Amino acid sequence: FREQPIYSTRAHVFQIDPNTKKNWVPTSKHAVTVSYFYDSTRNVYRIISLDGSKAIINSTITPNMTFTKTSQKFGQWADSRANTVYGLGFSSEHHLSKFAEKFQEFKEAARLAKEKSQEKMELTSTPSQESAGGDIQSPLTPESINGTDDERATPEVTQNSEPRAEPTQNALPFTHSSTISKHWEAELATLKGNNAKLTAALLESTANVKQWKQQLAAYQEEAERLHKRVTELECVSSQANAVHTHKTELNQTIQELESTLKKKEEEIEGLKQEIENARELQAQRDSLTQKLQEVEIRNKDLEGQLSDLEQRLEKSQNEQEAFRNNLKTLLEILDGKIFELTELRDNLAKLIECS
């Protein structure tokens, strides 16, 4: 209980791939709580994040650490003790900036605490003074760093991590439109995946093209050197047969090199074609995105029309119910009149018989 959280937010957590040191590996499937903790006993600040019962971040802030914003919603810092680099993806630029400000603030507090600790060690090392008991307290206490309730409040989960809302009963008549929308979303997700794969292949192909160009230049230089060597041998050597044999071997080598160069050129053309295909897929993805937006707009219009029709139907039902009530009242009155007329007829008939 000596550590207390002094600031919390939510973010997606990543770590650098220990093998490539280039790619990011997600350590949480969704946004999790990331908190700054203050240890009053040791006077240190730590960044801690838990995914269930598993600690995916346990980093002690030191004065030589630096938090870097690599994009509008992503930041990273290196932890030499854990021998890794942590990355955080936030839901907005405001949350990233707030986390960076707190990182700088606690880093400065850690530096001041370290300096005071060193001063204390120097004082305790002199024979004229006794060793001081207890830990040196940082000038920043949890109370002064807690901030406002808004800062300590945990932001809402990012939109990507929120579950989809279930469709209501009013949207049932438009299941077909929803199916089309889901179809376009699936197509868009597939295209995004293909685009990422093609981008990686494009980067790899570009590196291979550069390497092959270097090999091509080396092969050309080697071919020129061999041609010069053949000319020198023809001029210097008096043994025509040996020179002819050597020349034949060199010509074969040159032909092999030319064949290799031709294959490399064909591979380069193939890579160029793949690049063109990747651009076409990118254009298709943009077109599908636009169509998806149009479908969403149309769905909203249809939902508005459905609401209007439901209101009109309810109004019509109310009018019909009122008409039925009026008709029933009229029927009851008519029944009463018919009964009165029947009695009057019977009375008249009796009078006629009596007369």
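Colleague: Is Arg42 buried, partly exposed or exposed, and what is its relative accessibility?

Modeller: Let's start with how to read those words: buried means under 20% relative accessible area, exposed means over 50%, and partly exposed lies in between (1.4 Å probe, protein chains only). Arg42 counts as partly exposed because its relative accessibility is 45%. Before we go on, please keep in mind that this is a predicted model, where local features need pLDDT of at least 70 and side-chain atom pairs count only at pLDDT 80 or more, while totals for chains, interfaces and linings use all residues. Residues are numbered from 1 along each chain as its sequence is written, and side-chain values use heavy atoms, with hydrogens and water left out.

Colleague: Thanks! Which residue does Arg42 meet in a salt bridge?

Modeller: The general idea first: side chains of opposite charge can pair when their charged atoms come close. The rule used here asks for a side-chain nitrogen of Lys or Arg within 4 Å of a carboxyl oxygen of Asp or Glu. Arg42 meets Asp39 in such a bridge, at 3.1 Å from N to O. Asp39 is buried because its relative accessible area is 0%.

Colleague: How many salt bridges are there by this rule?

Modeller: The count comes to eight. One of the groups is a network of salt bridges that links Glu108, Arg111 and Glu115.

Colleague: Where do Lys102 and Glu105 lie?

Modeller: Helices (H or I, at least four residues) and strands (E, at least two) are DSSP runs, numbered from the N terminus. Lys102 and Glu105 both belong to helix α1, residues 93–125, and sit three residues apart, about one turn of the helix. They form a salt bridge whose closest N and O atoms are 3.9 Å apart. Lys102 counts as buried because its relative accessibility is 6%, and Glu105 counts as partly exposed because its value is 29%.

Colleague: What about Arg279 and Glu276, and which helix holds them?

Modeller: Both are in helix α5, residues 240–354, again three residues apart, about one turn of the helix. Arg279 is exposed because its relative accessible area is 55%, whereas Glu276 is partly exposed at 38%.

Colleague: In what order do the elements run from the N terminus on?

Modeller: The protein has five helices and eight strands, and the order is β-β-β-β-β-β-β-β-α-α-α-α-α. As for burial, 26% of its 355 residues count as buried.
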